[in-house]
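Good morning, and thank you for joining this group meeting.

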Amino acid sequence: MTQKINKKIAIRLDDFHENCDLKKWEYLVEELIKRKIPVHIGLIPRNRDQNIISKTFNFNHWEKALNWQSQGVHFWIHGFEHRLEKGSCYFSLSKKGEFFNDEIETIRQKISKSISLFNLNKIDITGFIAPAHGYSEKLLKVLEQNKSINVIWDGYWPAPKKHKNINLLPQQYWDIYPLFLLPEFSGICLHPSAMSFRKINYLLKKIDQLNISYFQFNLKNVKFKKLNFFDQIFNLFYRIIKFIKH
Ligand SMILES: [Zn+2]
């Protein structure tokens with residue numbers, strides 16, 4: 001009997017840089033590759049965020065990325081230096097982010113540097129993920145005008161959406177929840193360096209309980225529909241739940 005798969009679960013791993021916990025990263029990425037689960041990684045081109053630096057690890061993250069890319073892993077630009085500052089997000093996702101204090105020209109230069117580093121190191125750009133889910137209006141304008149960036153992966157939307165000229169892939173969760181609770185498309189954000197091996201194994205166990213088709217999606221075939229009133233309600237509902245949970 002074939003099961004009808006009408007929901008998608010997309011896993012992304014954030015904060016890959018030269019001083020992240022490579023042991024955990026290698027373990028999780030390789031386990032996902034083994035299972036044929038699409039792997040999406042938010043790579044920080046030039047990390048300057050002291051809070052996520054591990055003293056134990058220092059390696060060439062571009063070389064590692066190139067190796068993983070040859071095994072089908074997809075890479076997303078995760079800001080430029082991941083220096084977080086306070087600010088208010090256009091989508092109300094966060095009160096922190098990179099670029100909040102920058103003028104549009106500075107943001108443009110930083111994003112160009114990120115793109116150049118990806119190009120120089122032969123890493124294909126799948127899209128953009130803002131550090132700490134922080135999007136200022138200026139950042140959105142820069143991203144909208146940039147031809148190398150076609151998708152942003154963020155926001156509490158029930159399905160892939162379009163806002164102005166920006167394609168938005170939803171990111172609503174930080175864990176895998178029961179299927180009946182999930183909307184049409186679920187984006188799951190994980191930080192491998194901050195996870196224990198036990199937690200990683202628990203996650204893999206949850207993945208193994210689900211039909212692999214839930215995880216298989218091709219970004220090229222994803223349809224981004226215009227944001228509507230229902231999407232705004234969904235967004236508000238998620239923000240209320242998150243507020244209550246905190
Ligand atoms: Zn990050």
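How are H3 and H4 oriented to each other? Before I answer, a word on the source. This is a predicted model, in which local features need pLDDT of at least 70 and side-chain atom pairs count only at pLDDT 80 or more, while totals for chains, interfaces and linings use all residues. Residues are numbered from 1 along each chain as its sequence is written.

Now to the two helices. Helix H3 covers residues 104-120 and helix H4 covers residues 137-145; they pack at an angle of about 50°, and their axes lie 9 Å apart. H3 and H4 are therefore oblique to each other. On the terms used here, helices (H or I, at least four residues) and strands (E, at least two) are DSSP runs, numbered from the N terminus. Axes are lines fitted to C-alpha atoms, for helices over the stretch in contact, and angles run from 0 to 180 degrees between N-to-C directions. Angles under 35 degrees count as roughly parallel, over 145 as roughly antiparallel, 65 to 115 as roughly perpendicular, and the rest as oblique.

The crossing of H3 and H4 is right-handed; a crossing is given that name if the near helix is turned clockwise from the far one by less than a right angle, and is left-handed if anticlockwise. On the H3 side, the contact is made by Ile-104, Ile-107, Arg-108 and Ile-111, and on the H4 side by Lys-138, Leu-139, Lys-141 and Val-142. These residues divide into 5 nonpolar, no polar and 3 charged. Here Ala, Val, Leu, Ile, Met, Phe, Trp, Tyr, Cys and Pro count as nonpolar, Asp, Glu, Lys and Arg as charged, and the others, Gly among them, as polar. Two residues are in contact if their C-beta atoms, placed from the backbone, lie within 7 Å.

Helix H1 (residues 22-34) and H5 pack at an angle of about 10°, with 11 Å between their axes. H1 and H5 are therefore roughly parallel to each other. Lys-24, Tyr-27, Leu-28 and Glu-31 of H1 meet Phe-197, Ile-200 and Leu-204 of H5 in this contact. That set comprises 5 nonpolar, no polar and 2 charged residues.

Next, the chain as a whole. The protein chain has 6 helices and 11 strands. For 246 residues, a compact globule would have a radius of gyration near 18 Å, and the value of 17 Å for this chain agrees. The radius is taken over C-alpha atoms, and the globule rule is 2.2 Å times the number of residues to the power 0.38. Along the principal axes, the C-alpha atoms fill a box of roughly 55 × 45 × 35 Å. Of the contacts with a separation of 6 or more, 76% join residues 24 or more positions apart.

What share of the 246 residues is buried? Buried residues make up 38% of them. A residue is buried if 20 or more other C-beta atoms lie within 10 Å of its own, exposed if 12 or fewer, and partly exposed in between, with C-beta atoms placed from the backbone.

I shall close with individual residues. Ser-193 lies in the loop between strand S10 (185-190) and helix H5 (197-208). Ser-193 is buried, because 21 other C-beta atoms lie within 10 Å. Its C-alpha atom is separated by 7.7 Å from that of Leu-22, 171 residues apart along the chain. Beyond its neighbours within four places in sequence, Ser-193 is in contact with several residues, among them Asp-15, Lys-24 and Ile-52.

His-133 has a positive phi, near 55°, and sits in the loop between strand S6 (127-128) and H4. Lys-164 also has a positive phi, of about 55°, and is found in the loop between strand S8 (161-163) and strand S9 (166-169). Are they buried or exposed? His-133 is buried, with 21 other C-beta atoms within 10 Å, whereas Lys-164 is exposed, with 9.

Finally, Lys-8 belongs to strand S1 (residues 8-16). Lys-8 is buried, since 20 other C-beta atoms lie within 10 Å. Not counting residues up to four places away in sequence, Lys-8 touches Phe-185, Tyr-214 and Phe-217.
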